Amino acid sequence: MGGTNVWDAEWEVNEEQARTLIGRQFPQLSSKQVKRLGWGWDNTVFLIGDEYVFRFPRRMIAVGSIRMEGKLLPKLEAYMTIPYPKPLFYGEASDEYPAPFLGYAYVPGDFPIGLTEERRALSAETLAKFLRRLHEFPVQAALKCGVQQDHRNLTDIASRKVKLEGFLSKVVEHLSPEESGVIEAYISRLQKDRVEAVNALLHGDLHFKNMLVNENGIVSGIIDWGDLSVGHPACDLSVAYSFLPPYARGVFFETYGGADEETKLLARLIAVYIPVLILMQAVDDGNETIAAEAKSNIMRALSD
């Protein structure tokens with residue numbers, strides 16, 4: 001495709017470069033093995049030995065969020081009820097590499113792909129407690145660290161609906177008639193144009209590629225905090241729909257402390273929207289496993 005996708009990189013970092021950059025600024029790590037773990041839209045990620053993870057921005061737009069994470073993530077420690085990558089090494093931009101980069105404690109676990117509904121339900125309270133505490137973090141303190149406030153217009157349902165229809169037209173041939181029927185029926189029922197603004201500190205990108213589970217399938221890590229922002233809690237509460245089976249949602253919202261109908265409506269919309277984006281990228285990458293998981297997330301979000 002080259003140069004046409006929102007997730008294309010502006011520069012790449014390979015293992016050799018990462019080893020050099022890390023070794024130069026953190027000589028105590030220079031004897032450790034460096035292995036590329038993967039990449040997201042914004043960062044390339046490396047495992048250093050088996051105890052640290054380093055993230056290198058792949059695009060200029062990601063630099064601000066790396067700086068912000070470096071400031072804010074350590075402050076979240078007292079609020080965290082699930083392991084998360086805490087920044088430990090602050091790499092500076094140099095002549096060889098145009099951006100700052102961050103090294104974190106490695107959080108072990110597997111991605112929650114192909115889990116049974118019963119396994120998923122086991123995380124209802126864990127996820128709800130985690131989000132209740134995260135959303136209690138003082139918004140002013142977060143803004144002081146340079147967190148963006150509602151830069152994605154989360155409450156604007158009408159424009160998200162239009163975007164969603166556009167994305168769907170791109171992946172419709174990768175959906176079964178039943179799947180696309182369910183999604184289209186849902187979109188046509190979405191009559192509300194926007195919801196009241198509410199401000200909380202958000203993880204901002206809570207989906208199966210940013211969650212880790214232990215050998216029992218219980219959520220054991222939340223990673224990739226580059227979308228930390230202030231906005232409507234429904235953004236994070238979308239996991240109640242994309243991740244949890246319908247019968248576990250009651251205990252989730254009860255543990256979280258309740259949510260009104262508008263919040264639930266928006267949470268469900270985002271639970272469809274994010275996996276559709278993941279599906280688009282998976283189709284582009286030819287990754288069938290991720291595509292299948294994204295589809296099952298969408299269908300789960302739309303089941304009652």
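## Helices H6 and H11

Eight residues of H6 take part in a contact with H11: Ile157, Arg160, Lys163, Leu164, Phe167, Leu168, Lys170 and Val171. Their partners in H11 are Leu265, Leu266, Leu269, Ile270, Val272, Tyr273, Val276, Leu277, Leu279 and Met280. By class, the residues of this H6–H11 contact are 15 nonpolar, no polar and three charged. This is a predicted model.

H6 covers residues 157-171, and H11 covers residues 261-285. Their axes come within 10 Å of each other and cross at roughly 30°. Angles under 35 degrees count as roughly parallel, so H6 is roughly parallel to H11. The crossing of H6 and H11 is left-handed.

## Helices H11 and H12

H11 also packs against H12, with the two axes 8 Å apart. How are H11 and H12 oriented to each other, parallel or antiparallel? The angle between H11 and H12 is about 165°. Angles over 145 degrees count as roughly antiparallel. H11 and H12 are therefore roughly antiparallel. H11 passes H12 in a left-handed crossing.

On the H11 side, the contact uses Arg268, Ala271, Val272, Pro275, Val276, Ile278, Leu279 and Ala282. On the H12 side, it uses Ile290, Ala291, Ala294, Lys295, Asn297, Ile298 and Ala301. Sorted by class, the H11–H12 contact has twelve nonpolar, one polar and two charged residues. Val272, Val276 and Leu279 of H11 meet H12, and these three residues also meet H6.

## Helices H4 and H10

H4 runs over residues 124-134, and H10 over residues 249-256. They pack with axes 8 Å apart, at an angle of about 30°. That angle makes H4 roughly parallel to H10. Their crossing is right-handed.

Which residues of H4 meet H10? They are Ala124, Glu125, Leu127, Ala128, Lys129, Leu131 and Arg132. From H10 come Val251, Phe252, Thr255 and Tyr256. The residues of this contact divide into seven nonpolar, one polar and three charged.

## Arginine 300 in H12

Helix H12 spans residues 288-301, and arginine 300 lies in this helix. Is arginine 300 buried or exposed? Its relative accessibility is 7%. The cut-off for buried is under 20%, so arginine 300 counts as buried.

The side chain of arginine 300 reaches the backbone oxygen of serine 242 at 2.8 Å. Setting aside neighbours within four places in sequence, arginine 300 is in contact with Glu117, Arg120, Tyr241, Ser242, Phe243, Leu244, Pro245 and Arg249.

## Alanine 240 in H9

Alanine 240 sits in helix H9, which spans residues 239-242. Its relative accessible area is 0%, so alanine 240 is buried. Beyond neighbours within four places in sequence, alanine 240 is in contact with Arg249, Phe252 and Phe253.

How far is alanine 240 from isoleucine 66? In sequence, they are 174 residues apart. In space, they are 28 Å apart, C-alpha to C-alpha.

## Serine 65 in H2

Helix H2 takes in residues 63-72, and serine 65 is found there. Serine 65 has a relative accessible area of 15%, so this residue is buried. A polar atom of the serine 65 side chain lies 3.1 Å from the backbone oxygen of alanine 62.

## Two loop residues with positive phi

Asparagine 153 is found in the loop between strand E6 (148-149) and H6. Its phi is near 45°, a positive value in a residue other than glycine. At 45% relative accessibility, asparagine 153 counts as partly exposed.

Aspartate 224 lies in another loop, between strand E9 (219-222) and strand E10 (229-231). Phi of aspartate 224 is near 55°, again a positive value in a residue other than glycine. Aspartate 224 is partly exposed, with a relative accessible area of 26%.

How values were computed:
Residues numbered from 1 in each chain as written. Predicted model: local features only at pLDDT ≥ 70, side-chain atom pairs only at ≥ 80, totals over all residues. Heavy atoms only, no water. Helix = DSSP H or I, 4+ residues; strand = E, 2+ residues; numbered from the N terminus. Buried < 20%, exposed > 50% of the residue type's maximum accessible area, 1.4 Å probe, protein only. Polar contact = N/O pair within 3.5 Å; in protein donor to acceptor, adjacent residues only side chain to side chain. Contact = heavy atoms within 4.5 Å. Axes fitted to C-alpha atoms, helices over the stretch in contact; angles between N-to-C directions. Parallel < 35°, antiparallel > 145°, perpendicular 65-115°, else oblique. Left-handed = near helix turned anticlockwise from the far one by under 90°. Nonpolar A, V, L, I, M, F, W, Y, C, P; charged D, E, K, R; others polar.
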